[in-house]
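Dear colleague,

I am passing on the structure we spoke about, and I would be glad if you could look it over with the notes that follow.

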Amino acid sequence: MTPVPTTDTSPVVSNTTHKYDVLEDYDGHYRFAPIEESQVSRAMIKRYFNTMYERAISDVVIVGAGSAGLTCAWYLAHTRPELKITIIEANVAPGGGAWLGGQLMSPMVIRKPADGFLRQLGVPYEDEGAFVVVKHAALFTSTLLSQVLAMPNVVLMNATAVEDLIIHQDFRGLQRVAGVVTNWTLVALNHDTQSCMDPNTITAPIIVSATGHDGPMGAFSAKRLVSAGLTKELGNMRGLDMNRAEPAIVNNTREVVPGLIFTGMELSEHDGSNRMGPTFGAMIASGIKAAHVASKILDS
Ligand code: AHZ
């Protein structure tokens with residue numbers, strides 16, 4: 001028999017309240033607290049612009065909220081709760097490439113010993129000997145992201161691009177990265193179509209750049225160092241070799257010029273090291289190392 005089409009879209013009414021229900025009444029009498037539209041606008045505007053005002057001077061700015069940038073933020077936020085950590089992410093969705101494992105498949109491989117970070121996060125995994133597998137990369141990334149955002153000393157500004165670096169010069173002529181130049185990403189992508197749309201700035205003694213390898217916006221700071229004359233030329237990312245790539249990224253995580261630390265795959269473009277493909281242990285270990293380097297510089 002052909003099912004009778006129905007135009008009734010009202011939700012299914014249940015007489016029993018389940019223990020997980022947040023609604024007490026599905027029976028057509030559910031009421032929200034009354035609100036004025038302007039209250040909604042002001043609730044957002046007040047907080048967003050207060051945050052921009054407060055974070056115009058930050059302690060650490062992390063550029064890029066991929067696996068390396070978020071791990072760095074998590075570790076730094078937990079070990080240095082007094083620091084104002086500001087993450088700038090060009091995309092609407094933070095997480096970079098860490099929503100999937102490889103070739104758009106969901107499982108995520110993490111080589112030991114970086115699996116220790118999963119235990120700190122409380123992310124379950126299957127042990128395969130030399131490496132572990134998280135059933136879905138999104139489980140890692142969403143857990144990491146939610147824990148980073150829950151930290152009171154972290155602010156994330158997504159849909160916001162870093163479109164330049166602030167570079168100061170001291171009395172000896174030594175150049176130092178002293179902050180970032182930001183714009184909403186939609187503005188940053190439209191400089192060719194509009195008259196000048198000036199950016200904004202955030203100053204900080206430490207910038208951690210984690211913008212990934214070359215792509216629409218990737219390797220941003222590495223490229224800017226070259227065009228600003230602080231780095232001679234890009235090394236350019238080399239071919240895939242998991243065994244060479246992962247330790248190289250971790251061991252070379254460092255302050256590349258005064259005030260600017262590189263972490264994650266941005267390093268491969270700067271240094272000319274190999275890519276590792278879909279294995280994420282180096283992103284975690286490099287992010288943690290970047291946090292240590294930042295801490296040490298701030299203490300010096
Ligand atoms: O949107 C970018 C992404 O979320 C963001 N980003 C890039 N340029 C930016 C800019 N301003 C603000 N100018 C910017 N944000 O940076 C993030 C980079 O994340 P990612 O996942 O691309 O890099 P990652 O180094 O954290 O992780 C790399 C993961 C890879 S790539 C790879 C391979 O190709 O072999 N293997 C692994 C594990």
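Helices here are DSSP runs of H or I with at least four residues, strands are runs of E with at least two, and both are numbered from the N terminus. Please keep in mind throughout that this is a predicted model.

Under that assignment, the protein chain has nine helices and 14 strands, and its C-alpha atoms fill a box of roughly 75 × 55 × 40 Å along the principal axes. Of the 300 residues in the chain, 37% are buried. When contacts between residues at least 6 apart in sequence are considered, 71% of them join residues at least 24 apart.

The ligand is surrounded by 30 residues, and the closest of these are Gly-64, Gly-66, Gly-96, Gly-212 and Gly-264. Two or more residues of this shell are contributed by each of α2 (67-79), β2 (85-89) and β7 (160-169), with α2 providing the largest share, three residues. Sorted by class, the shell around the ligand consists of 15 nonpolar, 13 polar and two charged residues.

Helix α6 (residues 220-227) deserves a look of its own. Its buried residues are Phe-220, Ser-221, Ala-222, Arg-224 and Leu-225, and these pack against the strands β1 (60-63), β7, β10 (206-209), β12 (254-257) and β13 (260-262), as well as against helix α8 (266-271). Both sides of α6 carry a positive phi: just after the helix, Gly-229 has a phi of about 80 degrees, while in the loop between β10 and α6 Ala-219, which is not a glycine, has a positive phi of about 55 degrees. Ala-219 is buried, because 25 other C-beta atoms lie within 10 Å and the cut-off for a buried residue is 20 or more.

What about the backbone elsewhere? Most residues other than glycine have a negative phi, and most peptide bonds are trans. Gln-103, in the loop between β2 and β3, is not a glycine and yet has a positive phi of about 45 degrees. Gln-103 is exposed, since it has 7 other C-beta atoms within 10 Å and a residue with 12 or fewer counts as exposed. The peptide bond from Lys-112 to Pro-113 is cis, with omega near 10 degrees, and Pro-113 is located in the loop between β3 (108-111) and α3 (116-121).

How do α7 and α9 pack? Helix α7 (residues 242-251) and helix α9 (residues 281-299) meet at an angle of about 10 degrees, with their axes 8 Å apart; since an angle under 35 degrees counts as roughly parallel, the two helices are roughly parallel to each other. On the α7 side the contact involves Ala-245, Glu-246, Ile-249 and Val-250, which meet Gly-281, Ala-282, Ala-285, Ser-286 and Lys-289 of α9. The residues of this contact divide into five nonpolar, two polar and two charged.

One point comes from a record: in an unreviewed UniProt entry, the annotation "modified residue: 2,3-didehydroalanine (Cys)" covers Cys-196. In the model, Cys-196 lies in the loop between α5 (185-188) and β9 (200-203), and it is exposed, with 6 other C-beta atoms within 10 Å.

With best wishes

Methods: Residues are numbered from 1 along each chain as its sequence is written. This is a predicted model: local features need pLDDT of at least 70, side-chain atom pairs count only at pLDDT 80 or more; totals for chains, interfaces and linings use all residues. A residue is near a molecule or strand if its C-beta atom, placed from the backbone, lies within 6 Å of it. Ala, Val, Leu, Ile, Met, Phe, Trp, Tyr, Cys and Pro count as nonpolar, Asp, Glu, Lys and Arg as charged, and the others, Gly among them, as polar. Axes are lines fitted to C-alpha atoms, for helices over the stretch in contact, and angles run from 0 to 180 degrees between N-to-C directions. Angles under 35 degrees count as roughly parallel, over 145 as roughly antiparallel, 65 to 115 as roughly perpendicular and the rest as oblique. Two residues are in contact if their C-beta atoms, placed from the backbone, lie within 7 Å. UniProt positions are given in the numbering used here, feature names are shortened, and annotations may be inferred rather than shown by experiment.
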